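Reader: I have a model open and would like to learn how to read it step by step. Could you walk me through it?

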Amino acid sequence: MTTPVPPAPVCAPAQVGPCSGCGHPTHRYGLGGCPLCVVCHAPVLAQQAKKPAA
Ligand SMILES: [Zn+2]
């Protein structure tokens, strides 16, 4: 089983940080930043889509 590698972040280098899930560089800081890369964030978004907003 291979771990998917997220694409390189397309943002300012100053906004790049390690993904809190897998540690790969991702767009973490600043506008549009997220502590999770697209690979780790996808299942989170899927979960949120299933649950009604509490
Ligand atoms: Zn990740």
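**Confidence first**

Author: Confidence in the chain is highest in β1, at 96, and lowest in α1, at a mean of 93. Those figures are pLDDT, the predictor's confidence in each residue, from 0 to 100. Over the chain the average pLDDT is 90, and 96% of the residues score at least 70. This is a predicted model, in which local features need pLDDT of at least 70 and side-chain atom pairs count only at pLDDT 80 or more, while totals for chains, interfaces and linings use all residues. Residues are numbered from 1 along each chain as its sequence is written.

Reader: Which pattern does the chain follow along the sequence?

Author: Helices (H or I, at least four residues) and strands (E, at least two) are DSSP runs, numbered from the N terminus. Here the pattern is β-β-α, with two strands and one helix. The C-alpha trace spans about 35 × 35 × 15 Å along its principal axes.

Reader: How do I check the span of helix α1?

Author: The expected span of a helix is 1.5 Å times one less than its number of residues. Helix α1 covers residues 38-50, and its 13 residues should span 18 Å; the end C-alpha atoms are 18 Å apart, which agrees.

Reader: Is T26 buried or exposed?

Author: A residue is buried if 20 or more other C-beta atoms lie within 10 Å of its own, exposed if 12 or fewer, and partly exposed in between, with C-beta atoms placed from the backbone. T26, in strand β2 (residues 25-27), is buried because 28 other C-beta atoms lie within 10 Å. In α1 the number of buried residues is zero, so the helix lies largely in the open. Across the chain, buried residues make up 9% of the 54 residues.

Reader: Which residues does T26 touch?

Author: Two residues are in contact if their C-beta atoms, placed from the backbone, lie within 7 Å. Not counting residues up to four places away in sequence, T26 touches P6, P9, V16, G17, C19 and C37. T26 and C40 are 11 Å apart, C-alpha to C-alpha, and 14 residues apart in sequence.
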